[in-house]
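Trainee: Before we look at the model, could we settle how a contact list should be read?

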Amino acid sequence: MISFLGSLPLGTLNVAIMQIAITDGLRPALYFGLGSLTAEVVYVRLSLIAMDWVRKQKALFRALEWVTLLIVLALAISSFYAATHPSIKKNIILSSTLHRFWLGLFMSALNPVQIPFWFGWSTVLFTKGILQPQAAQYNIYIAGIGIGTLIGNFVFMFGGKMVADNITGNQDILNWVIGGIFLLTAIIQAIKMARKKDVDHRIDHPEEEEHPFESIILQEDNNNDKPKD
């Protein structure tokens, strides 16, 4: 549930999945989603078994944030270019000759946003004793994350397909809208970086991460502490 709901807010990867589904079809979008999912579960696994190592990679994460910002700006420019050139119709980056699985893997690996999200959640779950440092629990946890993210990707994939079936002759308008979303995402990330709300800060302060289910976790833990009749 955490992974599913966390994948619903508009971001670089899910908007990219939606645009690929619109311009290239469901299969390429599925490949892209599987590629991005692979990078995500690798990051989660790494954060579980090497938390101290993750904390020390601040310079790497800062560099990745700048790379991600440039990629999002490039996606926005590519969408605007497609909108102003009706003969192109497709985002030249997302519709490149590179296989969509590798494109998704590459873009997700360079997107550090998911690192503090899962680092923070894992810290909360470890602290509350819900997640134990056991291989079996790690595997189940990561499987749940993968399934939740995949279902969230389906929302954007099939949503994009539905949009594609109803925009005949209006592809340029959609490219303007998606380009605007990418540009807004870039602006928000730039503001966070300027305000020092970057990845390494959020990793050092996981308690500042917003956890929509934390109140439920705390309530359940408090109920478990109450004496039984």
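Mentor: Contact means heavy atoms within 4.5 Å. Leaving aside neighbours within four places in sequence, leucine 94 is in contact with Ala16, Gln19, Ile20, Asp24, Leu75, Arg100, Leu103 and Met107. This is a predicted model, in which local features need pLDDT of at least 70 and side-chain atom pairs count only at pLDDT 80 or more, whereas totals for chains, interfaces and linings use all residues. Residues are numbered from 1 along each chain as its sequence is written, and side-chain values use heavy atoms, with hydrogens and water left out.

Trainee: Which residues have the most contacts inside the largest nonpolar core?

Mentor: A nonpolar core is a set of buried Ala, Val, Leu, Ile, Met, Phe, Trp, Tyr and Cys residues joined through side-chain atoms within 4.5 Å; buried means under 20% relative accessible area, exposed over 50% and partly exposed in between, with a 1.4 Å probe and protein chains only. Here the largest such core has 30 residues, and Phe32, Leu94, Met107 and Phe182 have the most contacts inside it. Its largest share, eight residues, comes from helix 2, where helices are DSSP runs (H or I, at least four residues) numbered from the N terminus. A second, separate core of 11 residues includes Ile2, Val44, Ile142 and Ile145.

Trainee: Is asparagine 111 buried or exposed?

Mentor: Asparagine 111, found in the loop between helix 6 and helix 7, is buried, with a relative accessible area of 11%. Leaving aside neighbours within four places in sequence, asparagine 111 is in contact with Leu13 and Thr68.

How values were computed: Helix = DSSP H or I, 4+ residues; strand = E, 2+ residues; numbered from the N terminus.
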